[in-house]
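Biologist: I have a model open and want to know how to read it. Let us go through it point by point.

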Amino acid sequence: MLLLEAVARHCPGRMVQIFATDVEEAGLAQARSGVYPLSVMHDVSPERQKRFFTRVDDFQFQVKKELRDTITFARQNVLADPPFSKLDLISCRNLLIYLNPDAQRNVIHLFHFALNSGGLLILGTAESVGAAEKNLRRYPSAGGSFGGSARHAVPAERQGSNREGPTGGDCSVNVPAASGFP
Ligand SMILES: C[S@@+](CC[C@H](N)C(=O)[O-])C[C@H]1O[C@@H](n2cnc3c(N)ncnc32)[C@H](O)[C@@H]1O
């Protein structure tokens, strides 16, 4: 929702493609269905409910096709399967904390490889890029592109002339902290 809104505002006409991956098929199936209980709608503004959800019954809402069509769900084991590439943003929160240091290093290395120039990596609050600090730097939180409590990193050797943000530097998308980026 936030990406579609931000892209419409800052780079109209730009397509958004999201790869939503997990190693667990059951979780993917649930996410793919896009069905949420009524209770979570307390955290969704009436405008977003109207634009992005349809009511299934008295107890459930479903994400509309416009939003579901931007997302490709796929099973992926980040420790074993081939990585994606040319990504503008990777959000991987609360996975690294369950991995041993060697596995964490490998995954961070893959993420670094997978990101486009100027791309962003978003980790959970208890996670860090560890020894990869030399390749990935913390994105400034104050006035930074993304809010919330996540930590942010961007490939250092790719900064320099290309600090405008994701999408190759010609279109920067800012999501305000208050919007609660997941
Ligand atoms: C603690 S949950 C975090 C979910 C979500 N990002 C959040 O912050 O609420 C960790 C997720 O990582 C997935 N996972 C665990 N090992 C994985 C692996 N090797 N490759 C891909 N996903 C994995 C689990 O199935 C689970 O959905």
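Biologist: What is the mean pLDDT of the protein, and what share of its residues reach 70 or more?
Modeller: This is a predicted model, where local features need pLDDT of at least 70, side-chain atom pairs count only at pLDDT 80 or more, and totals for chains, interfaces and linings use all residues. Residues are numbered from 1 along each chain as its sequence is written. pLDDT is the predictor's confidence in each residue, from 0 to 100. For the protein, the mean pLDDT is 80, and the share of residues that reach 70 or more is 75%.

Biologist: Over which residues does pLDDT stay under 50?
Modeller: Where pLDDT is low, the predicted coordinates should not be read in detail. One such stretch has 21 contacts beyond four places in sequence in the model, and another has 18. A contact means two C-beta atoms, placed from the backbone, within 7 Å. The stretches are residues 142-149 and residues 174-182.

Biologist: In what order do the elements of the protein run from the N terminus on?
Modeller: Helices (H or I, at least four residues) and strands (E, at least two) are DSSP runs, numbered from the N terminus. The protein has five helices and nine strands. Their order is α-β-α-β-α-β-β-α-β-β-α-β-β-β.

Biologist: What percentage of the 182 residues in the protein is buried?
Modeller: A residue is buried if 20 or more other C-beta atoms lie within 10 Å of its own, exposed if 12 or fewer, and partly exposed in between; the C-beta atoms are placed from the backbone. For the 182 residues of the protein, the buried part is 15%.

Biologist: Is His-112 buried or exposed?
Modeller: His-112 lies in helix H5. Its C-alpha atom is 9.0 Å from that of Ala-132, 20 residues away along the chain. There are 21 other C-beta atoms within 10 Å, so His-112 is buried.

Biologist: What is the phi of Asn-94?
Modeller: With 11 C-beta neighbours inside 10 Å, Asn-94 counts as exposed. Asn-94 is not a glycine, yet its phi is positive, at about 65 degrees.

Biologist: And what value is the phi of Lys-86 near?
Modeller: Lys-86 sits in the loop between strand E5 (71-75) and strand E6 (87-92). It has 10 other C-beta atoms within 10 Å and is therefore exposed. Its phi is positive in a residue other than glycine, and near 60 degrees.

Biologist: Which residues does Met-1 touch, not counting those up to four places away in sequence?
Modeller: Met-1 is in the segment before helix H1 (2-10). It counts as partly exposed, with 15 C-beta neighbours inside 10 Å. Met-1 and Arg-48 are 47 residues apart in sequence, but 7.7 Å apart in space, C-alpha to C-alpha. The residues touched by Met-1 are Arg-48, Phe-52 and Leu-67.

Biologist: Which residues is Thr-54 in contact with, leaving aside neighbours within four places in sequence?
Modeller: Thr-54 is in strand E3. It has 13 other C-beta atoms within 10 Å, so it is partly exposed. The contacts of Thr-54 are Phe-61, Gln-62 and Lys-64.
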